[in-house]
Amino acid sequence: MPALMALRKRAQGEKPLAGAKIVGCTHITAQIAVLMETLGALGAQCRWAACNIYSTLNEVAAALAENGFPVFAWKGESEDDFWWCIDRCVNVEGWQPNMILDDGGDLTHWIYKKYPNMFKKIKGIVEESVTGVHRLYQLSKAGKLCVPAMNVNDSVTKQKFDNLYCCRESIREGLKRTTDMMFGGKQVVVCGYGEVGKGCCAALKAMGSIVYVTEIDPICALQA
């Protein structure tokens with residue numbers, strides 16, 4: 001994570017995030033650990049839960065906890081565990097988060113529904129996923145989004161780089177972890193051939209899979 005490490009080296013003496021109380025809900029991976037450590041080095045306080053019950057790396061969560069970061073996550077959580085972990089991030093005496101870093105919108109909606117007074121005091125929301133952004137737009141259209149929200153998902157770097165190149169890495173890692181099978185010769189259907197679909201198809205083809213694509217957009221279908 002060279003950009004984060006450079007930022008940490010450059011700005012940790014200034015503590016530009018002093019006073020920030022960030023509650024996050026993302027995948028708990030080594031990369032997120034670097035992000036959390038960087039936020040802490042820049043002066044922020046963080047509490048974190050997992051946005052996915054399967055993707056947590058237990059050794060990373062344990063290392064963060066040992067270093068003093070309140071992290072509530074483990075691989076294979078039940079649905080009840082999932083919501084319990086999110087609540088433990090938020091419902092703490094003397095803790096009032098002022099920023100939300102979310103992936104999927106579950107944390108944002110939990111605070112919105114369960115702790116409306118706390119939600120009104122949030123200074124900003126950063127949302128990464130298509131699903132989470134869709135839920136924010138629903139709140140906005142209903143006139144209930146009283147907090148500024150940043151739609152990271154629609155940024156150029158997210159769409160043109162993360163969606164295309166990073167998905168080539170993450171789909172391979174995610175499928176291998178969850179299925180523990182070889183993909184050579186497997187027949188795989190990819191629904192959609194946008195930036196994410198292109199990256200996923202490239203990764204699956206590289207593993208030797210026979211890839212089929214469904215697509216309703218004629219231009220994307222022609223590309224496929």
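Tutor: A salt bridge is counted here when a side-chain nitrogen of Lys or Arg lies within 4 Å of a carboxyl oxygen of Asp or Glu. The model is predicted, and by this rule it has seven salt bridges.

One of them joins the side chains of Asp106 and Arg135, with an N to O distance of 3.0 Å. Asp106 belongs to helix H5 (residues 106–114) and Arg135 to helix H7 (residues 130–141), so this pair ties together parts that are 29 residues apart in sequence. The relative accessible area of Asp106 is 18%. Because buried means under 20%, Asp106 counts as buried.

Two further pairs belong to helix H8 (residues 156–179). In one, the side chains of Arg172 and Glu169 meet at 3.3 Å, N to O. These two residues are three apart in the helix, which means that about one helical turn separates them. Arg172 has a relative accessibility of 29% and is therefore partly exposed. In the other pair, the side chains of Arg177 and Glu173 meet at 2.3 Å, N to O. Here the spacing is four residues, again about one turn of H8. An α-helix has 3.6 residues a turn, so residues three or four places apart point the same way. Both partners of the second pair are partly exposed: Arg177 has a relative accessibility of 34%, and Glu173 has a relative accessible area of 41%.

Salt bridges also link Glu128, Lys158 and Asp162 in a network.

An unreviewed entry lists residues 163–224 as "domain: S-adenosyl-L-homocysteine hydrolase NAD binding". In the model that span is 56% helix and 16% strand, and its end C-alpha atoms lie 16 Å apart.

Helix H1 may be set beside these elements for its pattern of burial. In H1 (residues 2–11), the buried residues are Leu4, Arg8 and Ala11. Seen down the axis of H1, they fall within an arc of 95°, so they line one face of the helix. These buried residues pack against helix H2 (30–41). The face of H1 turned away from its buried side carries the exposed residues Pro2, Ala3, Lys9 and Arg10.

Note on methods:
Residues are numbered from 1 along each chain as its sequence is written. This is a predicted model: local features need pLDDT of at least 70, side-chain atom pairs count only at pLDDT 80 or more; totals for chains, interfaces and linings use all residues. Side-chain values use heavy atoms; hydrogens and water are left out. UniProt positions are given in the numbering used here, feature names are shortened, and annotations may be inferred rather than shown by experiment. Buried means under 20% relative accessible area, exposed over 50%, partly exposed in between (1.4 Å probe, protein chains only). The arc is that of the directions from the helix axis to the C-beta atoms. Contact means heavy atoms within 4.5 Å.
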